[in-house]
Amino acid sequence: MKKKKIITGYLVVSIVALVSTILISLTMQKKYAAFITLSDEHVENDMLLGLTAKDALVNQHKQLDCGINNPYIYCQLIYTNNFLKDIAKLHYPKTHIEDLKDSIAYKIDGKYKTIEIRTISSNATKAAIVTNSVAKLLNTYITNQKTNFYKQELAYILSIKKEKEKIYKRKEKIYSLYLDSHFDTNLKKEILKIDNLQKERDLAFNEYNNAYIQYYRTLSFLDKNRNIFTILKNTTIEETPIEPNFIPYFLTLESLGVILWTFIILIGKRLKEPTYITTKELFNPFSPWILTISIWLFILLLLQIEKGLLYPLTNKFYYSLSLWLVSFTFFSITSYYLIPNRANQAQNFASPIHVNKLFFNCLVMLLTIIAPLYFYQVLKAVLAMSTTEIMMNIRTFNIGGDKSFGILNYANIIGQALLAVAIWRYPKISGWKLTLIIVCNIISAFSIMGKMPFVFIIAIIIFALYEKKIIKIRTIALWTIPLFFLFYIFTNARQGDDEQSQLSLADFLGMYILSPPVAFGLITENIHTQFGLSTFSSIYRFINDWGLGHYEIKDGIQEFVYVPVLTNVYTILQPFYEDFGYKGVTYFGMLYGILTGTTFKLSHNGNGIAKCIYSYIAVNLILQFFQEGIFIGFIAFLEYIAICIVCIQKTIKIDTKYYDKK
């Protein structure tokens, strides 16, 4: 296909996407959103009625009314058929329950224990009215549930009270009859029996008295007025319609059109040169599809083996993972197949890449300077706070401290890019230079005190050495267990000296490997109107930092949840599901598949830049059970690519000897 025809095709795709988006925006009914924010219901203390002074002091801070003080329970009420039917009776008598369910959404803030409810309607005023009704009806439902709970508890305590009363009266009768018939006895045996009967009667009386007090305390608690929840933010209405939204529609249609047209072009070329994927290529352990399938099979196997350590997986996770695997696998294999082959692929992949020596050496010198300086600045800031538990304090500083160190902040990303270039240049790079780059990366990793930089160093070295046929799968498998225990020791060292903060091996396995899929079941879709709040958070942060806009930014540290181990990571699927639901998981699975399949094929064709890019992506694929790293850290990903291009590019020829002699 001629170049002019290809360009014309892309222009046609853009025009069709633009016109289609305009037509959709003009014909689609406008919908408005109304929001209300509620706090979790009030936790009431135990009543002091009927307690002694000592018991009252002990019970003063005891939380008795634990009812449903958990915002995650709200969704189980809002989406029940009875709740939706009551809302429909008030406002939508002719609306199907499933349609009504789609118009009501909620978002839980696990950190502050609040819930934000959103309703959508074609009329802004109607949306606000329905939102108020949902909050009011939710209040009624929770009140009724709590009332029913205490009524059942009251009935149970009443049955115990009656039983204890019968026992007491029977013991009193036995004691009285025996005492009357042996009133003036002097026999030790009879006197001892009288004492025993008296003790049994007194014990029965105490139990009856306690049940009596508990009954009236519960009765008083049932009649007590209680606050279900507090409205933190009254109902608000968005000025602009939430639908139709021009930008998401256009970007979706444009990207799908570009992908479709590109596939048509590549299919046309492939038909002229028909080839097949070899078995060796298809089952390459570092191919994107094998990496992804293997990782999830391993995680699911461990989740089946673990004995009650975690909550069960939800259907939400199974549906999302299925969509992700199907979409990712299909498009990664298809993209790999459609990219034209070059001769001697295995030799091209294993061969050392060419570098621009001038720029590469300058960046190595820069890294040698800024990596130790960055560690020094972080260590100085930490030691100013405390001289103990340094590793834990470094991690704490990186989470919430002020890291305004200028160019020193780029030590980690520069080090990772240079490591990728150097390891793919091996063995045509001096040993001291490669060692220097690795040492600087380790220093940067300790400056951050996170596991991800260490995983990157190890994974990228293993991947490159395997593809260069220096090591085998057997070697990688043998090193897996020692590395696992090394990370376990590192994590505990980072926790501090407190014995209670130390993790057992089961807790470590549950928190960092098995808990993310379980925690995924607790996340909810974003209900804000900002496009891609979770997925494009790094882009919004970049725009805000440069003063180009003012957008809402998600916290760098995600909220913690109990599953029941404490965790704040939710797998690679999290941002896509939060922003776009199941459609987002499928769509970004496609994008990930195309990106990984294309870069993996170009790497096999000997493209040096593609080798470095795929190395970065492969590390994120290995950790996809943990969290997403490409789109959430998109700006860092672009910086990494830019540094790799500078080191490998051939356009700027300042040094005429920058090519190595073959």
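Let me begin with Cys 644, which is buried, with a relative accessible area of 0%, where buried means under 20% relative accessible area, exposed means over 50%, and partly exposed lies in between, using a 1.4 Å probe and protein chains only. Before I go on, please keep in mind that this is a predicted model, in which local features need pLDDT of at least 70 and side-chain atom pairs count only at pLDDT 80 or more, while totals for chains, interfaces and linings use all residues. Residues are numbered from 1 along each chain as its sequence is written, and side-chain values use heavy atoms, with hydrogens and water left out.

To stay with the cysteines, how many disulfides does the structure hold? The structure holds 0 disulfides, a disulfide being a pair of cysteine sulfur atoms within 2.5 Å. For Cys 644, the nearest cysteine sulfur belongs to Cys 612 and is 4.3 Å away. Cys 647 is also buried, at 0% relative accessibility, and its sulfur is 6.7 Å from the closest cysteine sulfur, in Cys 644, which is too far for a bond.

Let me turn to the aromatic rings. A pair of aromatic rings is described by the distance of the centres and the angle of the planes. Rings of Phe, Tyr and Trp (its six-membered ring) pair if their centres lie within 6.5 Å, and planes under 30 degrees apart count as stacked, over 60 as edge-to-face and the rest as tilted. A search of the whole structure finds 49 aromatic pairs. One of them joins Phe 286 and Phe 463, whose ring centres are 5.0 Å apart with planes at 45°, so this pair is tilted. The pair links distant parts of the chain, 177 residues apart, with Phe 286 in the loop between helix H9 (279–282) and helix H10 (288–305), and Phe 463 in helix H17 (residues 451–467); helices are DSSP runs of H or I with at least four residues, strands are runs of E with at least two, and both are numbered from the N terminus. Both Phe 286 and Phe 463 are buried.

The rings of Tyr 540 and Tyr 551 have centres 4.9 Å apart and planes at 40°, so that pair is tilted as well. Tyr 540 lies in helix H20 (residues 537–545), and Tyr 551 in the loop between H20 and strand S7 (561–562). Tyr 540 is buried at 10% relative accessible area, whereas Tyr 551 is partly exposed at 36%.
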